[in-house]
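Here are my notes on this model, as numbered points. Please read them with the structure open.

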Amino acid sequence: MKRLPLIAIFAFAVSCAPLLSSCENQGGSATSYGFDTLWTIDLYEGSQSDCDHIKNLIADVSDTLDPYKSHSPLAKLNANRTIEMNDTLKEALSISTKLQEETQGAFNPFMLELNDAWKQNLAQGKALERDEVHSLLDKIAGTCIEFSLDSIRLEGQGSIDLGAIGKGYCMDLIARYLKEKSIKAYRISGGRSSLLLGSSGNAAIQAYNIIPEDYPTHSFKAIECGISTSSISQQRYEIDGFTYSHIVNPFTGEARPQYKMTLARLKFDDMSPFDFPNSMLDASTTAFFSMGVDEISSYCSQRHLDYIVGGEDGILRNSLGL
């Protein structure tokens, strides 16, 4: 099934427009397409070749983790249940299973068939039947990954969907590259639902102004951090008086969201305890939709995350002073 396009959740304020003015002879810019969205790469240090490297990295990782392209390692694993070792896929799968444990199952990487079934039904204006929901949940239960020296094996009946960590994992690889190249001033936007922000590259502008698209009267400053967000705003369906979305609860199998949007931010200063912080951010904003507000607050406090949880009538709770 063709995937739905990713949506833009937040926007940059006009105050960020002059960023390139002080960096005319440094850095570069590029766009790349990956994970069903257009990425923008703005470096205010380094060179155009660094932008091109990041552009290719995004395309390569997206291709590796695509469950719908028959030639991709992930699609082959879902189809054949065992494939030869692929280091990128192994790393992404290892992160996803760790985050499944971290979120106590609120993030689940084995939901491809259930997610697709909901998308197909919602596109036809109907909800997925409960019997089918239960059947697909039963297939997911007990599914796991096994690694050997030269192969990856998928045990159980579930199939893997890494869409909820794909952009975050890609951001982690980009951050690793930028650190190796000592590039500190940059802005990487993964479809505007994932951001990787270095310093601004302009001494006159100390921070970016981030405006959540669902709540345009609110904003917060951000610099040297990763940000991820999930929203139902442009992928929502009203059926028989109920709201449905593309975000499926892994515990109930239902696609009836309790929130309108969630956002998580992690400052670079707080990233040291996390090997893959942007992957964690990406998975967390999806997992929040299956967690209570108090549970989200506790989860974020333990992991040094700033967060926003929003409903139809406004922001329900946040740690950003909004």
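1. Start with strand E7. Both of its faces are covered: Tyr186, Ile188 and Gly190 on one side, Arg187 and Ser189 on the other, are all buried. Buried means under 20% relative accessible area, exposed over 50%, partly exposed in between, with a 1.4 Å probe and protein chains only.

2. A word on the basis. This is a predicted model: local features need pLDDT of at least 70, side-chain atom pairs count only at pLDDT 80 or more, and totals for chains, interfaces and linings use all residues. Residues are numbered from 1 along each chain as its sequence is written, and side-chain values use heavy atoms, with hydrogens and water left out.

3. What pairs with E7? Strand E3 (residues 37–43) runs antiparallel to E7, joined to it by 5 bridges. Asp42 stands opposite Arg187 of E7. Strand E8 (residues 194–197) also pairs with E7, in the antiparallel sense, over 4 bridges. There, Ser189 stands opposite Leu195. Two strands pair if DSSP finds at least two bridges between them. Helices (H or I, at least four residues) and strands (E, at least two) are DSSP runs, numbered from the N terminus.

4. Check the turn. E7 and E8 form a hairpin with 3 residues between them. Gly191, in that turn, has a positive phi of about 65°.

5. H6 itself has 18 residues (163–180). At 1.5 Å a residue it should span 26 Å, and its end C-alpha atoms are 27 Å apart, which agrees. The expected span is 1.5 Å times one less than the number of residues. The helix is mostly covered, with 13 of its 18 residues buried.

6. Ser62 deserves a look. This residue is found in helix H1 (residues 48–64). Its relative accessibility is 11%, so Ser62 counts as buried. A polar atom of its side chain lies 2.8 Å from the backbone nitrogen of Phe35. Leaving aside neighbours within four places in sequence, Ser62 is in contact (heavy atoms within 4.5 Å) with Gly34 and Phe35.

7. Met261 is found in strand E14 (residues 261–267). It is buried, with a relative accessible area of 0%. Met261 and Ile232 are 29 residues apart in sequence, yet 6.5 Å apart in space, C-alpha to C-alpha.

8. How many disulfides does the structure hold? The count is 0, taking a disulfide as a pair of cysteine sulfur atoms within 2.5 Å. Cys170 is in no disulfide, and the nearest cysteine sulfur, that of Cys51, is 14 Å away. Cys170 counts as buried at 0% relative accessibility. Cys144, at 31%, counts as partly exposed.

9. Finally, the whole chain. The protein chain has 8 helices and 16 strands. With 322 residues, a compact globule would have a radius of gyration near 20 Å; the chain has 19 Å, which agrees. That radius is taken over C-alpha atoms, and the globule rule is 2.2 Å times the number of residues to the power 0.38. The C-alpha atoms fill a box of roughly 60 × 50 × 35 Å along the principal axes. Buried residues make up 54% of the 322. Among contacts between residues at least 6 apart in sequence, 65% join residues at least 24 apart.

How values were computed:
A polar contact is a pair of N or O atoms within 3.5 Å; within protein, one must be able to donate a hydrogen and the other to accept it, and residues adjacent in sequence count only if both atoms are side-chain atoms.
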